[in-house]
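Colleague: I would like to learn how to read the features of a model like this one. Can we take them one at a time?

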Amino acid sequence: MIDKNNYPLRLEGRYCILEEISPKYFQCVIDWRNDPEINKFLNQPFKLTMELEKSWYENKYLKDDTQGLLIIIDKATNTPIGTTGWTDIDLKARRCIKGRLLLGDNKYGRHPAFMEGLFLATDYIYQFVDIQYGHVVKENFKSVQNGKWMGFELNTGEIQYPHELLVNGMEQQEFYCTKEMYLKARKRNFERFFERTK
């Protein structure tokens with residue numbers, strides 16, 4: 001994994017750049033996470049401030065190797081458009097929780113930069129894990145569909161992260177995606193999608 005204190009992660013694709021969260025992106029994240037249309041399904045029952053974001057970054061994020069938060073940037077305009085990432089990465093068990101998916105502007109919903117960013121981050125994390133889990137509020141139909149598009153399926157067996165099923169009064173479902181499931185979805189959806197954009 002990348003040493004986030006000395007060598008922040010940066011990934012570059014054809015349409016997007018992924019950069020690890022840093023102070024220059026704090027205001028974007030704050031604005032997105034405080035937008036009621038964006039945050040209604042987020043685990044954030046408070047107004048995010050610059051002080052809170054700075055404290056989280058310095059006291060938690062930089063000291064925790066089990067999580068990552070990446071800013072998705074439209075390469076053509078150098079515009080930050082959203083976030084993606086992971087938490088709870090366990091290198092021995094080779095698993096993590098995929099999350100932190102946030103689209104800052106609806107016009108980028110099916111934009112190549114956003115779609116590529118999701119797959120670019122997922123390609124990266126599957127170098128270190130064999131399975132990812134995700135937790136989505138039942139009413140968050142867009143995220144459920146997005147997860148399925150990337151290969152995730154509802155976990156109907158033993159729940160791996162039971163504490164994630166009820167967060168701030170919101171009932172969530174657990175999904176999972178093995179590397180094999182992801183690679184099939186990648187070929188079926190990502191590669192076909194970008195064939196059409198050439």
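Modeller: Start with burial. A residue counts as buried when its relative accessible area is under 20%. Keep in mind that this model is predicted. Now take E164, in the loop between β7 (153–154) and β8 (166–167). E164 is buried yet has no salt bridge.

Colleague: Which side chain of opposite charge is nearest to E164, and how far away is it?

Modeller: R100 is the nearest one, 9.8 Å away. A salt bridge needs a side-chain nitrogen of Lys or Arg within 4 Å of a carboxyl oxygen of Asp or Glu.

Colleague: What is E164 in contact with, leaving aside its neighbours within four places in sequence?

Modeller: I97, H135 and Q172. Q172 also turns up around V137, a residue of strand β6. V137 touches F41, V144, M170, E171 and Q172, again not counting residues up to four places away in sequence.

Colleague: Is V137 buried or exposed?

Modeller: V137 is buried, because its relative accessible area is 3%. For a distance, take V137 and L103: they are 34 residues apart along the chain, and their C-alpha atoms are separated by 16 Å.

Colleague: Next, charges. How should I read a salt bridge?

Modeller: Begin with the general idea. Side chains of opposite charge can pair when their charged atoms come close. Here a search of the whole structure finds nine salt bridges.

Colleague: Which residues form the network of salt bridges?

Modeller: R10, E12, E19, K24 and K75 are linked. Look at E19. The side chains of E19 and R10 meet at 3.6 Å, N to O. K24 forms a salt bridge with E19 too, with the closest N and O atoms 3.5 Å apart.

Colleague: How many bridges join β3 to β4, and how many join β4 to β5?

Modeller: Seven bridges join β3 (residues 68–74) to β4 (residues 79–90). Six join β4 to β5 (residues 95–103). The strands β3 and β4 run antiparallel, and so do β4 and β5. I73 stands opposite P80 in β4. G82 stands opposite L103 in β5.

Colleague: Which residues take a positive phi in the two hairpins?

Modeller: In the hairpin of β3 and β4, N78 takes a positive phi near 60 degrees. In the hairpin of β4 and β5, R94 does so, near 55 degrees. The hairpin of β3 and β4 has four residues between the strands, and the hairpin of β4 and β5 has four as well.

Colleague: Last topic, the rings. How do I read an aromatic pair?

Modeller: Check the centre distance, then the angle between planes. Over 60 degrees counts as edge-to-face. A search of the whole structure finds nine aromatic pairs. One of them, W56 and Y61, is tilted: 5.1 Å centre to centre, 40 degrees between the planes. In F119 and W149 the centres are 5.3 Å apart and the planes at 70 degrees, so that pair is edge-to-face. It links distant parts of the chain: F119 in helix α4 and W149 in helix α5 (residues 141–149), 30 residues apart.

Colleague: Are F119 and W149 buried or exposed?

Modeller: F119 counts as buried, at 0% relative accessibility. W149 counts as buried too, at 18%.

Colleague: Which rings join into a cluster, and which charges sit over rings?

Modeller: Ring pairs link F26, W56, Y57 and Y61 into a cluster. K4 lies over the face of Y61, at 3.7 Å from the ring centre. Y61 is buried, at 0% relative accessible area. The charged end of R110 sits over the ring of W149, 4.9 Å from its centre.

Technical notes
Residues numbered from 1 in each chain as written. Predicted model: local features only at pLDDT ≥ 70, side-chain atom pairs only at ≥ 80, totals over all residues. Heavy atoms only, no water. Pairing = 2+ DSSP bridges. Buried < 20%, exposed > 50% of the residue type's maximum accessible area, 1.4 Å probe, protein only. Lys, Arg positive; Asp, Glu negative; His and termini not counted. Contact = heavy atoms within 4.5 Å. Phe/Tyr/Trp six-rings, centres within 6.5 Å; stacked < 30°, edge-to-face > 60°. Lys NZ or Arg CZ within 6 Å of the ring centre and 35° of its normal.
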